[in-house]
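Take a moment to turn the model around before you read on.

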Amino acid sequence: MSFYLAMEEYVARHVLRPDEGVEGDCFFMWQVEPSVIFGRNQLLENEVNQQFCQEHGISIYRRKSGGGCVYADHNNVMFSYITAEDNVGFTFNRYINMIVHVLHRLGVDARATGRNDVMVGNCKVSGNAFYKMKNRSIVHGTMLYDTDMLNMVGSITPTDAKLLSKGIMSVRQRIALLKDYITLTLDEFKQYVREHLCDGKIMLTAADVSAIEELEQEYLSPEFIYGNNPRYTLVRQKRIEGVGEFEVRMELKNNIIHSVNLMGDYFLVGDLDRQLLDKLKGLPLEQKVISRALSDRIDDVIMNLDKEDFVNLLTQE
């Protein structure tokens, strides 16, 4: 898992080079051993059942994109799409429409919906996330051909047998497995995707692989996986429709914001610290003061987030 996350970065930085005549987009597919992958701005202890994962041999990784926690194994396939297009929203929509079009060609009545999902009827078959690098955009996601439902539910929910049983039934009603809608095997499906989305291939060299393995070490470091949990004296939690789940943690002294950390499954499209959180430091926790300090539009930092909703999140009683 960590190798492929590092590979996305490497391809974006070193393979995709429009300034040197290497035009177009890059796409690749990958499969992993049973793994839980949680978002850049999520807290591990809030999202992952670490005991269950340890008991069932499920690895845990953090990715650099936003969004929620997912489970993956050899029975589903992961997609990565890298482009020099700088507009994250445009890139994300283009990628989602590409995937929906491929499914339509296979006779699957799929549609894009919500922030990041591909649906078949009312059931989710693919969840996706993205992040932006300098002059590059990366989108990656799951395609549920099949999966181990016990591991999927148990790795992100309590291990209580009754809750686990109910969770499996509930999740199974909300997800679509592609094997139920097409006659192709997983390998045949991968070949079909390759033929209909790609018009060439790039072979990585031994030097490329070595560089990716070096970059991979960041993803394997405890500091990256477990994250930095600064001191806090106040916690606010709220779900904002169309944006995501938020947990804001602030360290206050005499009602002055000294530090702030914003966790959740939202989609980050700008520089969170420089464009948003740094502006809050040193301010009193007062609605009018915070509102004046922030730009009128903050959806260029967090997708679909309205300034008023964010200020209310910080200052709610």
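Alanine 293 has a relative accessibility of 30%, so it counts as partly exposed; that label covers everything between buried (under 20% relative accessible area) and exposed (over 50%), with a 1.4 Å probe and protein chains only. You'll find alanine 293 in helix H11. Which residues does alanine 293 contact, leaving aside its neighbours within four places in sequence? They are Lys279 and Leu283, where contact means heavy atoms within 4.5 Å. The C-alpha atoms of alanine 293 and lysine 279 are 6.7 Å apart, though 14 residues separate the two along the chain.

A word on the ground rules. This is a predicted model, in which local features need pLDDT of at least 70 and side-chain atom pairs count only at pLDDT 80 or more, while totals for chains, interfaces and linings use all residues. Residues are numbered from 1 along each chain as its sequence is written, and side-chain values use heavy atoms, with hydrogens and water left out.

Now zoom out. The protein chain has twelve helices and twelve strands. Its C-alpha atoms fill a box of roughly 60 × 55 × 35 Å along the principal axes. Of the 317 residues, 50% count as buried. Look also at contacts between residues at least 6 apart in sequence: 67% of them join residues at least 24 apart.

What sits inside? The largest nonpolar core has 36 residues, and Phe79, Leu103, Met143, Leu178 and Phe189 touch the most other members. Such a core is a set of buried Ala, Val, Leu, Ile, Met, Phe, Trp, Tyr and Cys residues joined through side-chain atoms within 4.5 Å. Several elements each supply at least two residues, including strand S1 (26-30), strand S5 (77-83), strand S8 (123-133) and helix H7 (186-197). Helix H4 gives the most, with nine residues.

Asparagine 87 lies between S5 and H4, and is partly exposed, with a relative accessible area of 42%. Its C-alpha atom is 7.6 Å from that of serine 137, which is 50 residues away along the chain.

The other two have a backbone feature to check. Most residues other than glycine have a negative phi. Asparagine 255, in the loop between strand S11 (244-253) and strand S12 (256-264), has a positive phi of about 70°. Asparagine 304, in the loop between helix H11 (287-293) and helix H12 (307-315), also has a positive phi, near 70°. Asparagine 255 is partly exposed at 36% relative accessibility, and asparagine 304 is partly exposed at 48%.

Note on methods
Helices (H or I, at least four residues) and strands (E, at least two) are DSSP runs, numbered from the N terminus.
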